[in-house]
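Student: Could you take me through this structure, one topic at a time?

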Amino acid sequence: MLFEVWAPEAESVDLRLAGARRSMARDAERAGWWTAEAEASDGDRYGFVLNGSGAGGGRVLPDPRSRRQPDGPDGESAVVDHSAYAWRAAWAGRGLPGAVLYELHIGTFTEGGTFDAAAARLGHLARLGVTHVSLMPVCPFPGIHGWGYEGVSLWAVHEPYGGPEGLKRFVDTAHGLGLAVVLDVVHNHLGPSGNHLPAFGPYFTDTHHTPWGAAVNLDAPGSDEVRAYLLGSALAWLRDYRLDGLRLDAVHALADARALTFLEELSAATDALAAELGRPLSLIAESDRCDPRTTTPREAGGIGLHAQWNDDFHHALHTALTGESQGYYADFAAAPLTAVAKTVTSAFFHDGTYSGFRGRTHGRPVDIVRTPAHRFVGYAQTHDQIGNRAQGDRLSASLSPGLLACAAALVLTGPFTPMLFMGEEWGAETPWQFFTDHTDPVLAEAVRTGRRREFAAHGWAADDVPDPQDPATRNRSCLDWDEPEREPHARLLAWHRELITLRRALPDLSDPDLASVRTAFDERARWLAYRRGDLRIAVNLAGEPATIPLGGGRHRGGAGRVVAAWEPVEAPGTDGLLRLPPQSCVVLADD
């Protein structure tokens, strides 16, 4: 077996394999690379010892391209034979057009917090009707429980979740149920603990600074190899674990001044791998730039990612539902239904408009004629929008079941690729809080005090902000799987299933034509309606009934029939008026 590592500043590198140590040789054809041939089997422990440069101090360091870290980020690596797993499910892949995503955190989807425990619940998602499971990050991080965004060892799988074999079993089970799997990967930073990459080479650069410190090196000297490291990791997830796509965390935080950006390279490499494998592969960006070039095809001058999260839609919807106006919600709160209407017809609210939150103009218009709506992911809740609140409270903590039903209607009948956050489908009452399990006591205390200091600035008492290091914080965040059997959760679950079924059955609801969406709304009366083909969707967010003038329908006469409704409601008569109960919603079809 060939062992290799990039360590351009080292004077010598030794391989430690199964307790024995041997010298590695410089690769004559690749500058900075060291290689050694040795017999090894699946599970054998190994690491590298860097001498001469002073980096690493003679310690055994894990392989930067480690496929497994059995003892955590600071332990030795282990050999993984990917060919040893016998895949069961035949899988042709599933693309994003027509998709419904479901964001899931392995550690809190069940109390067990493992791939196998989560896989046992995948039948619920198949019955719900979603098409893609979007996993939060699974790279190794210190301790057992965490969100995953402080991961290191970007080619490996968190061992407490079940390691490489556990992830394969999860994906295999999902594919057997017809569910695609997308994985959240973090390229903009690594965690503060267990990150050994700087000992090997210039993986980070002081040329740029980020909220996490020195930037991942995408454009400074040595960045060719760093890019290759990240590209190789991304493709390995798609190839070795048969994943169907990647969600790219905070791409706006990637500091990259090169003419050919890393994201363009990743897009091209992913499309090439999809052609090689014969199945669709998707890249979904998280970006706050409101830049349509993120998903514009490369041949048209864009970056070529396949979709991007649309926070503008979320922020508009959140302010319309809750009335909140703090922070970035302020830009949307003055006229929230106006903002919702703009996003469902134009994708971005900030398309060159002034953002008071940022103190400048922001965004760029989307070409709604040429850009398919499925390139934008729409949602009412995500891990960020729940977990980054002081107490991790979901919408269900403050909204009625009727308003939750309205949120579901706007997400699941809207023009974007819809996404739910785990438990949202039944209005879960469990919070989803920020939790960590740092083994370094100094770092643990810094995270604890930093979290409380952050929210103290917004008026929160320290005792009201959950301690991230307290195991109870994670435990509170686990879904309660008894809830879906009780009311009002059972009714909300049935409503989500009904809407997803309609989305799959009625082509108008998956029509990618943004330009064809038509809206009407009354800011003061708090109702909004929009047309999608021969369908009309109306929501009443007010606490009293609303009379909504829908007109006589596309084919004149009445406004058709009720396809689905949260509360009993009659279709408009010849006067074209819809009388919608308070905090309720309806889907209508023309005759």
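Tutor: We shall discuss ring pairs, then a helix, then strands and sheets.

Student: Before that, what kind of model is this, and how are residues numbered?

Tutor: This is a predicted model, in which local features need pLDDT of at least 70 and side-chain atom pairs count only at pLDDT 80 or more, while totals for chains, interfaces and linings use all residues. Residues are numbered from 1 along each chain as its sequence is written, and side-chain values use heavy atoms, with hydrogens and water left out.

Student: How many aromatic pairs does the structure hold?

Tutor: There are 26 aromatic pairs. Rings of Phe, Tyr and Trp (its six-membered ring) pair if their centres lie within 6.5 Å; planes under 30 degrees apart count as stacked, over 60 as edge-to-face and the rest as tilted. The pair of Phe-3 and Tyr-46 is edge-to-face, because the ring centres are 5.0 Å apart and the planes stand at 65 degrees.

Student: Where do Phe-3 and Tyr-46 lie?

Tutor: Phe-3 belongs to strand E1 (residues 2-6) and Tyr-46 to strand E6 (residues 45-51), so the pair ties together parts that are 43 residues apart in sequence. Helices (H or I, at least four residues) and strands (E, at least two) are DSSP runs, numbered from the N terminus.

Student: Are Phe-3 and Tyr-46 buried or exposed?

Tutor: Both Phe-3 and Tyr-46 are buried. Buried means under 20% relative accessible area, exposed over 50%, and partly exposed in between (1.4 Å probe, protein chains only).

Student: What about Phe-109 and Trp-481?

Tutor: Phe-109 and Trp-481 also form an edge-to-face pair, with 5.1 Å from centre to centre and 90 degrees between the planes. Phe-109 is in helix H1 (residues 106-109), whereas Trp-481 is in the loop between helix H14 (471-476) and helix H15 (489-505), 372 residues apart. Phe-109 is buried at a relative accessible area of 0%, and Trp-481 counts as buried at 13%.

Student: Which residues form an aromatic cluster?

Tutor: One aromatic cluster is formed by Trp-147, Phe-421, Trp-432, Phe-434 and Phe-435.

Student: Changing topic, how far does helix H6 reach?

Tutor: Helix H6 (residues 223-240) has 18 residues and reaches 25 Å from its first C-alpha to its last, close to the 26 Å expected at 1.5 Å a residue. The expected span is 1.5 Å times one less than the number of residues. Of the 18 residues of H6, 14 are buried, so the helix is largely enclosed by the rest of the structure.

Student: And what follows H6?

Tutor: Arg-242 follows H6, and its phi is positive, near 55 degrees.

Student: Now the strands. Which strands pair with E14?

Tutor: Strand E11 (residues 180-185) pairs with E14 in the parallel sense over four bridges. Four bridges also join E14 to strand E15 (residues 282-285), and these two run parallel. Two strands pair if DSSP finds at least two bridges between them. Leu-246 is the bridge partner in E14 of Leu-183, and Leu-246 stands opposite Leu-283 in E15.

Student: Which way do the residues of E14 point?

Tutor: From strand E14 (residues 245-248), Gly-245 and Arg-247 point one way and Leu-246 and Leu-248 the other way, and all are buried. In a regular strand the side chains alternate between the two faces of the sheet.

Student: What is the strand order in the open sheet?

Tutor: Its five strands follow the order E21-E22-E23-E27-E25, and the pairing is antiparallel. Strand E21 (518-522) and strand E25 (561-565) stand at the edges with a single partner strand each, so one side of each is left without a neighbour in the sheet.

Student: How is E23 joined to E22 and E27?

Tutor: Six bridges join E22 to E23, which run antiparallel. Strand E23 (residues 535-540) is likewise joined by six bridges to strand E27 (residues 584-589), again antiparallel. Ile-537 in E23 stands opposite Tyr-530, and the bridge partner of Ile-537 in E27 is Val-587.

Student: What lies between E22 and E23?

Tutor: E22 and E23 form a hairpin with two residues between them, and Gly-533 in the turn has a positive phi of about 65 degrees.

Student: Is E23 mostly covered or open?

Tutor: E23 is mostly covered, as six of its six residues are buried.
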